[in-house]
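Please read the following briefing alongside the sequence and the structure.

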Amino acid sequence: MRQQTLLHVLAASATISVLAIAPAGDAQVGLERKTVLQQDLSMPGYETVVMEVTLAVGGREGRHTHPGALIGYILEGEITLEVEGQPTRVYKPGDVGLIPAGAVHEGRNTGSVPTKVLATFIVEKGKPLSTPAQTIDSRDE
């Protein structure tokens with residue numbers, strides 16, 4: 001019983017840590033993030049966060065932004081990345097991309113295997129790593 005309770009606590013903690021940085025909304029599907037390093041930088045007020053991001057086949061992140069630069073290195077699979085103001089691009093293993101701070105973007109796994117990305121964030125300490133992008137309702141125009 002005690003071991004089962006511990007497993008539930010660990011599972012809940014892992015889920016909360018993923019949800020704390022994940023974009024909200026129904027558009028997010030099949031996304032998992034695991035922090036592998038979080039460390040202050042020599043620049044006061046900044047930190048780096050390195051994550052292993054897995055996106056299931058057919059998965060999507062939902063449109064969102066980051067408060068700092070994101071450098072992504074594709075380990076496995078492929079990801080179709082849409083960044084506002086840039087052409088859509090497909091990244092494959094060995095490709096690396098940079099998403100500027102504040103850029104609205106979304107990654108989708110349009111391939112046939114899960115996508116794994118090593119993502120490095122360089123951000124102001126204490127800010128959320130990800131914020132859902134605001135959508136414009138066409139009825140408001």
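Thr 35 is found in strand β1, which spans residues 29-40, where strands (E, at least two residues) and helices (H or I, at least four residues) are DSSP runs numbered from the N terminus. This is a predicted model, in which local features need pLDDT of at least 70 and side-chain atom pairs count only at pLDDT 80 or more, while totals for chains, interfaces and linings use all residues. Residues are numbered from 1 along each chain as its sequence is written, and side-chain values use heavy atoms, with hydrogens and water left out.

- With a relative accessible area of 41%, Thr 35 is partly exposed, a class that lies between buried (under 20% relative accessible area) and exposed (over 50%), computed with a 1.4 Å probe and protein chains only.
- Thr 35 touches Val 49, Val 50 and Met 51 when residues up to four places away in sequence are not counted, contact meaning heavy atoms within 4.5 Å.
- The C-alpha atoms of Thr 35 and Val 49 are 7.1 Å apart in space, and the two residues are 14 apart in sequence.

**Buried residues in other strands**

- Val 53 lies in strand β2, residues 46-60, and it counts as buried because its relative accessibility is 9%.
- His 64, in strand β3 (residues 64-65), is buried with a relative accessible area of 0%, and its side chain is joined to that of His 66 by a polar contact of 3.2 Å.

**The chain as a whole**

- The chain holds one helix and 10 strands, and from the N terminus on its elements run α-β-β-β-β-β-β-β-β-β-β.
- Of its 141 residues, 32% count as buried.
- Among contacts with a separation of 6 or more, 70% are between residues 24 or more positions apart.

- The structure holds one cavity of 30 Å³ or more, a cavity being a set of points, on a 1 Å grid over the protein atoms alone, where a 1.4 Å probe fits but cannot get out.
- The largest cavity has a volume of about 280 Å³, taken as the space filled by probe spheres set on the points, with grid points joined across faces, edges and corners.
- Its lining comprises 20 residues, of which Glu 61, Leu 70, Ile 79, Ile 99 and Val 117 lie nearest the centre, lining residues having an atom within 4 Å of a point.
- Two or more lining residues come from each of β2, β4 (69-76), β5, β7 (96-99) and β9 (115-124), and β9 gives the largest share, four residues.

How values were computed:
1 Å grid on protein atoms, 1.4 Å probe; cavity = no way out; pocket = protein on both sides within 12 Å on 5 of 7 lines; lining within 4 Å. Polar contact = N/O pair within 3.5 Å; in protein donor to acceptor, adjacent residues only side chain to side chain.
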